[in-house]
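Me: I'd like to learn how to read a few features of a protein model. Could you walk me through one, step by step?

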Amino acid sequence: MSTSRNQRSSLRELELELLWGAWAELGVSGWGRTHRSWIVDPEPLILRTAEVADFDPRLRDEALDWCIHYWRYVSRVRLRGLLRNRPEAAAAWGWFAATVNEHSTARWPGATDEIPYETTNRSSLTSMKQPSRAWLRMRAAFGVGARTEILRYFLSGPSLGSTTIISEWIGYAKSNVVNECDSLEKAGILRRRRIGNRFYYSLTRSEALQDFVGELGAHRPSWTALLDVTAALVALEDAAECLPPAVLMVESHKTNGQLDVFLDQLSIEERPDLSRSDEYWPNTREFAYAYLSAWASGEWDPASPRRSE
């Protein structure tokens, strides 16, 4: 796919479009329905929204409103785990969590001082039947906890998973995952088998579980990986405006190395061309623009990932 270099959106603008599209699927007011076929995972979305709140005060206000009204469908344990992995988000998260806590009984971790805020009361989550709300629907049915997230892991696509892999994917401690997988095995929902020197779990009746859960959106990405990639590329573009070329080359190479694991989690095999050092940043930005455009529009297809122009 070729992309025009004229009048293109910044990566920051594309990220904000992605966040608005995801929030709209959860019932936030003020954006077109661009991500109807994506199942939205709330915790990474909430954390990243807090980080970028200064760039879009309206998004901040509407996201706060949703969190104040529907915090009971959000996992405090996962929020705490995500914060451990993104310590740079702590400052922005502190006031966001404090504001939600001040206007509800959420008691989210990491809270500092709230900001002046009045709820907009425009968020609406009267139904969870939409395919994009399937993960929230599971929490409404099974509760907010590791057991629900383990089942969500298998419905997201993987057919097998060790407790280590599942723990890293869902954001719960491995000890919790071990206990819950054991319970689910005893209940006949999971089966365990040995492959090499490790034990792996799988669903015994995946179709029955999916039938019970209801319609699922076709796109079920790891939102943690998706937003970590987005955040890193946006930060690199911001830095490119003031970094000397030699330093930008080094930062571009370092960022690409850090993103490998997240791109693997998203089943993205393509990487920017880093064969020439003077092209590190231009090629990285071209790669970033292609994928962030597809994610922002909701038109991403992992089988054909770049959006057609």
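Me: Let's start with R152. Where does R152 lie?
Reply: R152 sits in helix 7, which spans residues 146-155. Keep in mind that this is a predicted model.

Me: Is R152 buried or exposed?
Reply: The idea is to compare the relative accessible area with a cut-off, and buried means under 20%. R152 has a relative accessible area of 2%, so R152 is buried.

Me: Which residues does R152 touch, not counting those up to four places away in sequence?
Reply: With those set aside, R152 touches D41, R78, W135, M138 and W169. One of these, W135, also turns up in a core of 23 residues, together with L190, L203 and L216.

Me: Now for helix pairs. How do I describe the packing of helix 1 and helix 3?
Reply: Two packed helices are described by the angle between their axes and the distance between the axes. Here, helix 1 (residues 11-26) and helix 3 (residues 57-70) pack at an angle of about 30°, and their axes are 11 Å apart. Angles under 35 degrees count as roughly parallel, so helix 1 is roughly parallel to helix 3. The crossing of the two is left-handed.

Me: Which residues of helix 1 and helix 3 make the contact?
Reply: Helix 1 brings L16, L19, W20, W23 and L26, while helix 3 brings R58, L59, E62, A63, W66 and C67. Sorted by class, this contact has 9 nonpolar residues, no polar ones and 2 charged ones.

Me: Which residues touch the most other members in the largest nonpolar core?
Reply: That core has 63 residues, and the ones touching the most other members are W23, I46, W66, W93, F96, W108 and W295. Several elements give two or more residues to this core, including helix 2 (42-51), helix 4 (76-85) and helix 12 (245-265). Helix 1 gives the most, with 9 residues.

Me: What is W23 in contact with, leaving aside neighbours within four places in sequence?
Reply: W23 is in contact with V28, L45, I46, T49, L59, A63, W66 and C67.

Methods: Residues are numbered from 1 along each chain as its sequence is written. This is a predicted model: local features need pLDDT of at least 70, side-chain atom pairs count only at pLDDT 80 or more; totals for chains, interfaces and linings use all residues. Side-chain values use heavy atoms; hydrogens and water are left out. Axes are lines fitted to C-alpha atoms, for helices over the stretch in contact, and angles run from 0 to 180 degrees between N-to-C directions. Helices (H or I, at least four residues) and strands (E, at least two) are DSSP runs, numbered from the N terminus. Angles under 35 degrees count as roughly parallel, over 145 as roughly antiparallel, 65 to 115 as roughly perpendicular and the rest as oblique. A crossing is left-handed if the near helix is turned anticlockwise from the far one by less than a right angle, and right-handed if clockwise. Contact means heavy atoms within 4.5 Å. Ala, Val, Leu, Ile, Met, Phe, Trp, Tyr, Cys and Pro count as nonpolar, Asp, Glu, Lys and Arg as charged, and the others, Gly among them, as polar. A nonpolar core is a set of buried Ala, Val, Leu, Ile, Met, Phe, Trp, Tyr and Cys residues joined through side-chain atoms within 4.5 Å. Buried means under 20% relative accessible area, exposed over 50%, partly exposed in between (1.4 Å probe, protein chains only).
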